[in-house]
Amino acid sequence: MANNTLSNRKYVLGFSAILIIAVYIVRLFTLQLMSDDYKQRADSNALMRRIQFPARGAITDRNGKLLVYNQPAYDIMVIMQEQLGVDTMDLCNSLNIDTAWYRRRMVEIKDRSRNPGYSPYTQQLFMSQLSVEEFSVFQEKLFHYPGFYIQKRSIRQYSYPYAAHILGDVGEVNLDDIKKDDYYRSGDYIGKQGVERSYEQQLRGIKGSEILLRDVHGRIKGRYQNGKYDIKPIPGKNLTLSIDFELQKLGERLMQGKLGSIVAIEPSTGEILCMVTSPTFDPRTMVGRQRGKKHQELARDPMKPLLNRAIMGTYPPGSTFKTSQALTFLQEGIITPQTAYPCSHGFHYGRLTVGCHGHGSPLPLVPSIATSCNGYFCWGLLHMFNNRKNYKSTQEAMTVWKDYMVSMGFGYRLGVDLPSEARGMIPNAEFYNKHLSNSWSGLSVISIAIGQGEVTLTPLQIANLGATIANRGWYITPHIVKEVQDDTIASIYHKRLFTKVSPIHYETVCDGMERAVLGGTCRSAYTSQYVTCGKTGTAQNRGHDHSVFMGFAPKEKPQIAVAVYVENGGWGATYGVPIGALIMEQFINGHLSEASQQKADAFANRRIDYTGYAR
């Protein structure tokens, strides 16, 4: 029995020894091959990997004028494992920060929900975008603060106080940015708005890295193996915008003290020549550590300077919309150029009246465009919606009408290469079935014929309408970037999109728009230097009406199409026409005449009182 017991104990002890050895072997294997925890500690004692950030691409206008460039800046990085014991008060004094900010920042760095890539052995962003002056002061005392390092970066600089909504700005990434793209880590920068956002991947470049040797005190002693394993960053690509800087500058001057927008397009290419939104702000104030504070200040402004009204503002297009109605009625055979309709100070049908200003009556199509006759287009829409020879029902006629509008670029986003474009509103039969039941008729929706009611467009869509008429029935998706260095822009910005209307009908509308300038509602746009085509709009609104203009020039081989929208500006001829005429003259001639310059100065100094208007 004793021998059996001793024999059993021998086996138990042997098995225990083998088990202990196996556990040690597995743990050793895990630590050395599967876990990088100790490896990071060992490597961090001798080596430090530092990200090399690429230079962000520069941005110029169509004529090569530099609009956005880079300037040296410096970030302070920290390795949390190494900074223990640092004199916090002295560090805060050197950086001109308080201890509360220091403690809050240290908590944020360690918070993995905000900083998913956190490791105590790798560099983390502590403070960003020090100026050259701040860097010089801090660098002198850097040796007092083990674990803190300086990383050279670049900061965006904007050459002029113009085109803020086009250019956009750059800010620190948020958690969503990091989750969407593993290129970014906490402390990186990303385009927030404008082309800085929509062309972020082209502008940002590709990061590089360098491996540095450190001594036992953590001091940098040089590159590991003379930089053999370093990776050079690849700079971002430069962008050439389609905008003409001088035109943009003029447009922003003209819109001072007003709410609204100017959009100009080169019809043959779809390139946006200027995109003005007012009020605006100076993009040079949206850089560095003050960006967040400035952004909050602008966001609280009741005039909404952060809103890009050119692509985000949706408005009733008013009488500029009549051109699309004329084209639809002609193509559908509802009217011919000779068809005349009565207008006795408006459209009258039973108890329904849509008012109009005084002019000759009855009128055929071309004079009706020139005088902006409401009655003509209300009759045209009513005859289309009541036509049972062509359409089985009002709903079917409405669907046909809507399809024409969509083909002209309304009701959906055009696809401009800027973020946050709005789509506007083109109602369809289902919309009215839902809101007016099935008993609605052409009379129920008659206001859409003159660009009122439920119809809304963006200023960009109104400008694109002008470009489409100038091209006699086609357009290229408007875009703000003309060229990308060593790359091509998206194919949609080269493709012609045709409407459902024949070119011959566009010629008739062009004649009406020319007549509007020669002796109609756009007389102040007349010049003997080239033939201008225009159409006013006076969009009804709470309080004063909006002043709208849409036009292009020259009539043959057009170089520019423009839309002007001035909120609460009154008649289209009051603000829209003269501002649009100045924009066309500046681009076509390259300058303004002395008389036009005086007119531009007058408009730049003219303010509209918006007190009491809810924006």
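Predicted model: local features only at pLDDT ≥ 70, side-chain atom pairs only at ≥ 80, totals over all residues.
Colleague: Which domains does the domain assignment give, and how far apart do the C-alpha centres of domain 1 and domain 2 lie?

Modeller: The assignment gives domain 1 as 73-112 + 122-153. Domain 2 is given as 245-293 + 306-482 + 492-605. Between the C-alpha centres of domain 1 and domain 2, the distance is 55 Å.

Colleague: In which strand is T277 placed, and is T277 buried or exposed?

Modeller: T277 belongs to strand β12, which spans residues 271-278. Its relative accessibility is 4%, and the cut-off for burial is under 20%. T277 therefore counts as buried.

Colleague: Leaving aside neighbours within four places in sequence, which residues are in contact with T277?

Modeller: With neighbours within four places in sequence left aside, the contacts of T277 include L307 and R309. Both of these also have a backbone atom facing the T277 side chain, namely the oxygen of L307 and the nitrogen of R309.

Colleague: What is the omega of the peptide bond from S278 to P279, and where is P279 found?

Modeller: Most peptide bonds are trans. The bond from S278 to P279 is cis, with omega near 5°. P279 is found in the loop between β12 and α11 (291-300).

Colleague: Which residues does the cis peptide bond with omega of about -5° join, and in which loop does P362 lie?

Modeller: The cis bond with omega of about -5° joins S361 and P362. P362 lies in the loop between β14 (352-355) and α14 (365-371).

Colleague: A163 is not a glycine and has a positive phi; what is its value, and is A163 buried or exposed?

Modeller: Most residues other than glycine have a negative phi. For A163, in the loop between β5 (148-158) and α6 (164-167), phi is positive at about 60°. Because its relative accessibility is 5%, A163 counts as buried.

Colleague: D486 also has a positive phi; is D486 buried or exposed?

Modeller: D486 is not a glycine, and its phi is about 55°. D486 is found in the loop between β16 (481-484) and β17 (496-498). With a relative accessible area of 70%, D486 is exposed.

Colleague: At what angle do the axes of α13 and α16 cross, and what is the handedness of the crossing?

Modeller: The axes of α13 (residues 322-331) and α16 (residues 394-407) come within 10 Å and cross at roughly 125°. That angle makes α13 oblique to α16. The contact is made by S324, Q325, T328 and Q331 of α13 and W401, Y404 and M405 of α16. The crossing of α13 past α16 is right-handed.

Colleague: At what angle do the axes of α13 and α15 cross, and what is the handedness of that crossing?

Modeller: The axes of α13 and α15 (residues 374-385) come within 10 Å and cross at roughly 40°, so the two helices are oblique to each other. On α13 the contact is made by K322, Q325, A326, T328 and F329, and on α15 by N374, F377, G380, L381 and M384. The crossing of α13 past α15 is left-handed.

Methods: Residues numbered from 1 in each chain as written. Heavy atoms only, no water. Helix = DSSP H or I, 4+ residues; strand = E, 2+ residues; numbered from the N terminus. Buried < 20%, exposed > 50% of the residue type's maximum accessible area, 1.4 Å probe, protein only. Polar contact = N/O pair within 3.5 Å; in protein donor to acceptor, adjacent residues only side chain to side chain. Contact = heavy atoms within 4.5 Å. Domains from an automatic or database assignment. Axes fitted to C-alpha atoms, helices over the stretch in contact; angles between N-to-C directions. Parallel < 35°, antiparallel > 145°, perpendicular 65-115°, else oblique. Left-handed = near helix turned anticlockwise from the far one by under 90°.
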